[in-house]
Amino acid sequence: MLTFLLKQSQYTSAVDKEDYENAVRLQVAITAATQNDVVGKVMSKLNKAIEEGRFEDATFLRDNTGAGLVEWWAGVSQDHKDPYGHIIHIYPEHGRFVAKSYNLLATAKVGTPFFEIYVSNSKDDVYQEQVLSTYELNLI
């Protein structure tokens with residue numbers, strides 16, 4: 001996903017600089033990367049459905065693909081052993097949604113992988129999600 005975002009940023013920069021030859025090359029690379037990426041397609045379809053006001057389609061994608069989870073989430077445990085809580089960041093990466101947990105203590109750690117959601121679809125746009133738990137949260 002980072003490479004994808006970098007290419008999008010380079011594309012925007014090329015267009016701003018009116019470097020259209022480079023912009024076309026980057027647009028082709030972006031298109032090629034997203035054609036084989038189910039999660040990229042889902043996010044594109046979701047954004048397009050929202051832009052076009054097709055909210056039923058957007059709701060379907062949000063609820064059936066994991067796309068509705070893309071966001072920063074914060075929570076405080078009701079367990080007295082974890083009085084600090086956690087922040088979880090869920091973001092799309094090539095072929096999956098990744099969740100990382102951040103402890104609210106100032107530990108200067110990069111997020112701990114928490115779970116991943118893999119999305120696949122059939123030719124008739126039936127989506128299947130599979131959640132893979134990567135690590136348990138260490139609560140202190």
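Trainee: What makes the pairing of the side chains of Glu116 and Tyr118 a polar contact?
Mentor: In this predicted model, the side chains of Glu116 and Tyr118 come to 2.6 Å. The cut-off for a pair of N or O atoms is 3.5 Å, with one able to donate a hydrogen and the other to accept it. The contact is therefore called polar.

Trainee: Why is Glu116 called buried?
Mentor: Its relative accessible area is 13%. Buried means under 20%. So Glu116 is buried.

Trainee: Where does Glu116 lie?
Mentor: In strand S4, which covers residues 112–121.

Trainee: How do you know that S4 and S5 pair?
Mentor: Two strands need at least two bridges to pair. S4 and S5 have 7 bridges, in the antiparallel sense. So they count as paired. Across from Ile117 stands Val131, in S5.

Trainee: What makes a set of residues a nonpolar core?
Mentor: The members are buried residues of listed kinds, such as Ala, Val, Ile and Phe, joined through side-chain atoms within 4.5 Å. The largest one here has 17 residues. Among those touching the most other members are Ala67, Ile90 and Phe115. H3, H4, S2, S3 and S4 each supply at least two residues. H3 gives the largest share, 5 residues.

Trainee: Why would such side chains gather?
Mentor: In soluble globular proteins, nonpolar side chains tend to be buried together.

Trainee: Which residues is Ala99 in contact with, leaving aside neighbours within four places in sequence?
Mentor: Ile88, His89, Ile90, Thr112, Pro113, Phe114 and Phe115.

Trainee: What pattern does the protein follow along the sequence?
Mentor: It reads α-α-α-α-β-β-β-β-β. That comes to 4 helices and 5 strands.

Trainee: How many of the residues are buried?
Mentor: Buried residues make up 26% of the 140 in the protein.

How values were computed
Residues numbered from 1 in each chain as written. Predicted model: local features only at pLDDT ≥ 70, side-chain atom pairs only at ≥ 80, totals over all residues. Heavy atoms only, no water. Buried < 20%, exposed > 50% of the residue type's maximum accessible area, 1.4 Å probe, protein only. Contact = heavy atoms within 4.5 Å.
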